[in-house]
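User: Hi! I'm new to this one, could you walk me through it?

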Amino acid sequence: MILLCVCYLKESYDAAKKNIILCIWYIFIFILFTFCMLYIMLYCRTLVVYPWTQRYFTSFGNLYNAEAILSNSKVAAHGVVVLHGLDRAMKNMDDIKNTYAKLSVLHSAKLHVDPDNFRVCKHTAGRLPDHRDCADVQAAWQKLLAVVVSALADMYH
Ligand code: HEM
């Protein structure tokens, strides 16, 4: 699939065909990486690399080191919940701000998550592994994350 896309893009195809290929590519990327890697990147990587974020997850049990975090079933379950949150963003790309309004209120008013942590999340999840050569994919992903983070921080006053 990857090779197919790269080969097509290297050929001199017209803009419409390139767009179709890019769409297929984005869908492929979304399905594969969202459901396999993002949970690790968003939560495990964030909890490991920025340990102060663990303070919000005291009820999750042992988060002592990277090994404990990666094998923590509550972290894994929460990762799935967050992926569903991102899924909602993907399905409502034209109105992420309103889609995330309640989630933003929850993170601010109830969970008291410092919004700086969303930016941390953006950094840990911002770089898709093994896509250094595909700037379009990387750029599209970072743009989506930027909008998600901005929407999550929207209800903070
Ligand atoms: C891309 C960024 C994020 C997304 C999409 C996201 C999404 C979500 C979702 C969908 C929930 C479940 C809400 C519910 O139960 O109705 C949640 C809960 C939660 N989030 Fe986030 N979140 C993000 C970033 C963060 C960050 C950076 C932190 C803190 C460092 C955080 C802390 C929490 C906590 C503590 C909960 C409640 C966990 C529990 O006790 O079950 N979130 N988040």
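Analyst: Happy to; we can go through the overall build, the ligand, the core and a few single residues.

User: Great. What should I know before we start?

Analyst: This is a predicted model, so to speak of a local feature we need pLDDT of at least 70, and side-chain atom pairs count only at pLDDT 80 or more, while totals for chains, interfaces and linings use all residues. Residues are numbered from 1 along each chain as its sequence is written.

User: How many helices and strands are there in the protein?

Analyst: The protein has nine helices and zero strands. Both are DSSP runs numbered from the N terminus: helices are H or I with at least four residues, strands are E with at least two. From the N terminus on, the order reads α-α-α-α-α-α-α-α-α.

User: And what share of the residues count as buried?

Analyst: Of the 157 residues, 16% count as buried. A residue is buried if 20 or more other C-beta atoms lie within 10 Å of its own, exposed if 12 or fewer, and partly exposed in between, with C-beta atoms placed from the backbone.

User: What about contacts in the protein between residues 24 or more positions apart?

Analyst: Such pairs make up 64% of the contacts with a separation of 6 or more. Two residues are in contact if their C-beta atoms, placed from the backbone, lie within 7 Å.

User: Switching to the ligand: how many residues surround it, and which are the closest?

Analyst: There are 19 residues around the ligand, and the closest are Thr-53, Tyr-56, Val-82, Gly-85 and Asn-117. To count as near, a residue needs its C-beta atom, placed from the backbone, within 6 Å of the molecule.

User: Which elements give two or more residues to that shell?

Analyst: Those are helix 5 (73-91), helix 7 (101-110), helix 8 (116-126) and helix 9 (135-152). Helix 5 gives the most, with five residues.

User: How does the shell divide into nonpolar, polar and charged?

Analyst: The shell holds 13 nonpolar residues, six polar and no charged. Here Ala, Val, Leu, Ile, Met, Phe, Trp, Tyr, Cys and Pro count as nonpolar, Asp, Glu, Lys and Arg as charged, and the others, Gly among them, as polar.

User: You named Gly-85. Where does it lie?

Analyst: Gly-85 lies in helix 5. Gly-85 counts as partly exposed because it has 15 C-beta neighbours inside 10 Å. Its C-alpha atom is separated by 8.7 Å from that of Leu-103, 18 residues apart along the chain.

User: Okay, new topic. Which residues make up the largest nonpolar core?

Analyst: Nine residues do: Ile-96, Tyr-100, Cys-121, Trp-141, Leu-145, Val-148, Val-149, Ala-151 and Leu-152. Helix 9 gives the most to this core, with six residues. A nonpolar core is a set of buried Ala, Val, Leu, Ile, Met, Phe, Trp, Tyr and Cys residues joined through C-beta atoms within 7 Å.

User: Tell me about helix 9, then. What does it reach from its first C-alpha to its last?

Analyst: Helix 9 has 18 residues and reaches 25 Å, close to the 26 Å expected. That expected span is 1.5 Å times one less than the number of residues.

User: Which of its residues are buried, and which exposed ones sit on the face turned away?

Analyst: In helix 9, Trp-141, Leu-145, Val-148, Val-149, Ala-151 and Leu-152 are buried. They cover an arc of only 160° around the axis, so they are on the same side of helix 9. The arc is that of the directions from the helix axis to the C-beta atoms. The face turned away from the buried side carries the exposed residues Ala-135, Ala-139 and Lys-143.

User: Now the loops. Where is Asn-72, and is it buried or exposed?

Analyst: Asn-72 is in the loop between helix 4 (66-70) and helix 5. Asn-72 counts as buried because it has 21 C-beta neighbours inside 10 Å. Leaving aside neighbours within four places in sequence, Asn-72 is in contact with Phe-60, Gly-61, Asn-62 and Leu-63.

User: And where is His-112 found?

Analyst: His-112 is in the loop between helix 7 and helix 8. His-112 is exposed, since 8 other C-beta atoms lie within 10 Å. Its phi is near 55°, a positive value in a residue other than glycine.
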